[in-house]
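This report walks through one protein model for someone who has not seen it before. Please have the sequence and the structure open while reading.

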Amino acid sequence: MKARRNKKQVPSFRKLLKTSKVKLENKLKNKQFKQQSTLKKYRKEQRKLRQAVKDAVSKKPVPLEDPKDKRPGKRVEREEEEEEEALPLDMMDEDDLQLMKDLGQRASFLTRDLSSSEPVHAKKRKHERVIDKYEKIPRTLQTAPEKELIHLLPIKDKSGIIPQTREKPVINTKDEDEDQEEEMELEEDIIEEPIRELTMEEHLMERKKKLQEKKVHIAALASAVLSDPESNIKKLKELRSMLMEQDPDVAVTVRKLVIVSLMELFKDIAPSYKIRPLTEAEKSIKMRKETQKLREFEEGLVSQYKFYLENLEQMVKDWKQRKLKKSNVVSLKAYKGLAEVAVKSLCELLVALPHFNFHNNIIVLIVPLMNDVSKSVSEMCCEAVKKLFKQDKLGQASLGVIKVISGFVKGRNYEVRPEMLKTFLCLRIKEVEVKKDTEDINKPKKFMTFKEKRKTLSRMQRKWKKAEEKLERELREAEASESTEKKLKLHTETLNIVFVTYFRILKKAQRSPLLPAVLEGLAKFAHLINVEFFDDLLVVLHTLIESGDLSYQESLHCVQTAFHILSGQGDVLNIDPMKFYTHLYKTLFKLHAGATNEGVETVLQCLDVMLTKRRKQVSQQRALAFIKRLCTLALHVLPNSSIGILATTRILMHTFPKTDLLLDNESQGSGVFLPELDEPEYCNAQNTALWELHALRRHYHPVVQRFAAHLMAGAPSEGSEALKPELSRRSAAELFEAYSMAEMTFNPPVESSNSKKKDKVLQGDSLLNEDLNQLIKRHCSEVATESPLDFARCLETSLR
């Protein structure tokens with residue numbers, strides 16, 4: 001039993017290991033504690049030494065007569081002093097009083113060791129301060145002028161710390177006076193020489209020379225950065241420092257050149273990705289020289305780009321605030337030129353670097369300038385935003401701009417330039433996310449799991465399936481374009497913000513100058529509006545039309561929006577759009593060859609949506625009325641509008657074959673055609689004919705003549721009266737644009753009409769009648785006799 005007990009009591013190896021670890025830890029802790037305590041002691045001693053030296057140096061002798069002085073001394077000394085002070089001077093002898101005064105004037109009395117009254121065998125106290133030793137050092141009176149001393153490091157020996165000092169070397173004042181006199185003489189010599197004034201020609205030549213030097217310097221720095229951006233990234237800082245050019249002759253020009261040069265440099269050397277800041281973990285990792293060099297280049301590029309944008313922003317702010325800076329290098333007049341160059345550079349960077357850092361900051365700067373008072377700045381910014389919308393395929397940058405514009409318009413209470421909202425028309429949005437029920441139908445293909453494969457497929461089939469899935473994954477990864485889902489998500493969010501802005505203006509600011517831009521935007525994106533808003537939107541549009549406050553262009557956009565809604569997802573709605581047909585039929589005669597000629601393009605788009613695409617919902621009477629009115633309209637518009645209208649008429653005649661009865665003189669049915677009636681269903685258009693085509697056949701434009709002859713023949717697709725392919729295959733809107741007269745020229749050129757028979761032109765007297773000629777000659781030959789005017793005689797005859 002004892003053996004077993006002993007065996008149990010033997011500590012295991014694990015226990016031994018554990019105890020050894022504890023011991024080692026205790027030893028280590030003790031060692032660290034000792035080190036800390038010794039360090040504390042050492043620091044304490046050093047602190048005391050420094051304080052002692054400081055006190056010894058700064059202490060000055062104070063005369064005993066000062067009642068404020070409180071010397072540290074023993075209790076016995078204090079009692080003796082009190083007793084002496086208590087004795088009145090009257091009780092002292094004259095000799096003793098004189099002795100005390102004499103002793104007071106001596107330095108030995110001041111520097112006497114006050115502790116000498118103690119017994120010699122007095123032991124030192126353990127807690128005596130180090131400062132008390134320095135209090136016993138003899139002091140000297142300031143009888144002589146103080147000499148400047150340089151305090152050196154103290155020396156420590158057996159007796160204690162000995163401070164060391166050295167006198168400051170005295171500079172000979174005579175030499176200084178001589179130097180000052182020489183400097184004054186030189187200054188006088190310099191002042192005596194007057195600065196020669198330059199003539200205007202010399203000044204211009206000098207400025208040209210300076211400017212050339214600066215240009216060469218800018219070009220050298222820019223070419224160095226372009227040749228090796230990673231090595232010469234520091235040259236960007238040098239080039240950017242030239243934005244603060246201080247020479248008033250060339251300051252403005254140099255700054256403009258540097259702004260443009262830096263803008264082009266950043267466009268060239270900026271990478272095609274966004275540079276993100278490094279984390280602490282990434283900074284601590286060791287890396288190769290090439291990687292380190294690339295990181296340094298990226299950090300330098302981002303910082304210089306940031307400072308450059310801040311400089312441009314400051315230039316624009318200076319121009320806005322009209323505040324002259326302390327250094328009058330640049331005049332107030334030059335601020336606008338600098339600001340315009342800065343804005344142009346910002347616009348270029350907005351379009352060229354939408355993927356790079358600080359793009360949102362540029363957007364925040366550009367958007368308020370779109371509404372600027374200066375028309376040139378406003379147009380520049382609007383064009384840049386349009387360009388960005390047109391080239392942005394994914395939609396990330398467009399979304400950022402739309403958010404800022406929407407917030408800006410709301411913040412200004414919808415009092416902004418219409419051009420800001422017209423930029424929305426350039427958005428590349430054709431599809432948006434549809435509802436979840438349709439998404440569930442077209443779910444993305446999922447790969448089979450291993451369990452599903454094992455249940456349904458054989459071993460060989462599983463092998464083939466695995467190879468197919470691998471190939472599909474590789475094909476997906478190889479796609480260069482962004483995922484369709486991400487693109488649709490961005491487009492949906494962008495369009496939601498656009499519609500929120502549009503609906504706010506329709507609801508709160510119906511008489512705003514922004515209304516035409518809103519209606520035009522709704523007309524373009526109406527097919528993407530959610531079905532839930534259709535009823536309310538149609539009611540609002542009809543109310544706007546009925547109010548009579550809209551111009552012809554705005555009312556046309558209302559009609560266009562309504563039919564875009566009804567031709568898309570609005571087919572499911574049971575809405576009769578007859579009032580919109582009536583309004584368009586009534587508006588057609590407001591167009592003419594003057595300023596309203598451009599509205600014909602909107603009319604052509606409306607007719608395409610209202611009649612051609614909705615052919616099943618359009619009656620024959622309505623089609624006849626529109627064809628008749630369109631042919632009448634073609635007589636009093638410009639040639640390109642006439643061509644577009646006749647092309648639409650041709651399409652309607654093909655779409656509604658029974659409308660060929662308008663080419664016949666015989667009336668169809670009862671009633672008389674009422675051209676002044678604004679209801680297309682009840683104007684009896686079947687009882688008239690297209691006599692306008694005969695007038696259009698003699699039109700001065702050859703293409704209009706060709707179309708008129710083609711329609712008179714019944715718009716055949718074959719034969720001699722058929723149109724050429726370049727005319728028949730184009731839409732009405734394309735023909736309107738192709739034959740536009742914006743450049744004040746005819747396309748093709750119109751021939752001048754020369755009559756074959758030249759009639760004799762009568763000139764002079766031959767134009768008049770013979771009797772009339774004789775009468776004129778007789779009156780001219782008579783000699784005019786001067787006779788006095790007698791108004792009274794004439795008055796008497798009239799009274800009789």
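Under the rule used here, in which a salt bridge is a side-chain nitrogen of Lys or Arg within 4 Å of a carboxyl oxygen of Asp or Glu, the count comes to 14 salt bridges. The model is a predicted one, in which local features need pLDDT of at least 70, side-chain atom pairs count only at pLDDT 80 or more, and totals for chains, interfaces and linings use all residues. Residues are numbered from 1 along each chain as its sequence is written, and side-chain values use heavy atoms, with hydrogens and water left out.

**Overall make-up**

The secondary structure comes to 34 helices and four strands; helices (H or I, at least four residues) and strands (E, at least two) are DSSP runs, numbered from the N terminus. The protein has 800 residues, and 31% of them count as buried. Buried means under 20% relative accessible area, exposed means over 50%, and partly exposed lies in between (1.4 Å probe, protein chains only). The protein exposes about 56800 Å², of which carbon and sulfur atoms supply 53%. Accessible areas come from the Shrake-Rupley method with a 1.4 Å probe, and for residues only the protein chains shown count as cover. A contact means heavy atoms within 4.5 Å. Among the contacts with a separation of 6 or more, 70% are between residues 24 or more positions apart.

**Salt bridges**

Side chains of opposite charge can pair when their charged atoms come close.

| Pair | N to O distance |
|---|---|
| Asp 247 and Lys 210 | 3.2 Å |
| Lys 386 and Glu 383 | 3.9 Å |
| Glu 681 and Arg 622 | 2.7 Å |

The side chains of Asp 247 and Lys 210 meet in a salt bridge. Asp 247 lies in the loop between α9 (234-241) and α10 (251-269) and Lys 210 lies in helix α8 (residues 200-227), so this pair ties together parts that are 37 residues apart in sequence. Lys 210 is partly exposed, at 22% relative accessible area. A network of salt bridges links Glu 206, Lys 210, Asp 247 and Asp 249.

Lys 386 and Glu 383 are three residues apart in helix α15 (residues 375-391), which means that about one helical turn separates them. Lys 386 is partly exposed at 23%, and Glu 383 is partly exposed at 48%.

Glu 681 forms a salt bridge with Arg 622. This pair links distant parts of the chain, 59 residues apart, with Glu 681 in the loop between α28 and α29 and Arg 622 in helix α27. Glu 681 counts as buried at 19% relative accessibility, and Arg 622 is buried at 9%.

Lys 628 sits in helix α27 (residues 620-633) and is buried, with a relative accessible area of 4%. Leaving out residues up to four places away in sequence, Lys 628 touches Phe 673, Thr 688, Ala 689, Leu 690, Trp 691 and Glu 692.

Gly 644 belongs to helix α28 and is buried at 0%. Outside the four neighbouring places in sequence on either side, Gly 644 touches Leu 604 and Ala 732. Gly 644 and Val 704 are 60 residues apart in sequence, and their C-alpha atoms are 9.5 Å apart.

His 694 lies in helix α29 and is partly exposed at 46%. His 694 and Ala 708 are 14 residues apart in sequence and 7.5 Å apart in space, C-alpha to C-alpha.

**Backbone angles**

Most residues other than glycine have a negative phi. Phe 358, in the loop between α13 (332-352) and α14 (359-369), has a positive phi of about 65°. Phe 358 counts as partly exposed at 24% relative accessibility. Asn 684, in the loop between α28 and α29, has a positive phi near 60°.

**Surface patches**

Patches are made of residues with over 30% relative accessible area and no salt bridge; like charges are joined within 9 Å, and nonpolar side chains (Val, Leu, Ile, Met, Phe, Trp, Tyr) within 5 Å. Leu 674, Leu 677 and Tyr 682 make a nonpolar surface patch of about 280 Å². Leu 674 lies in the loop between α28 (639-655) and α29 (692-697) and counts as partly exposed at 32%.
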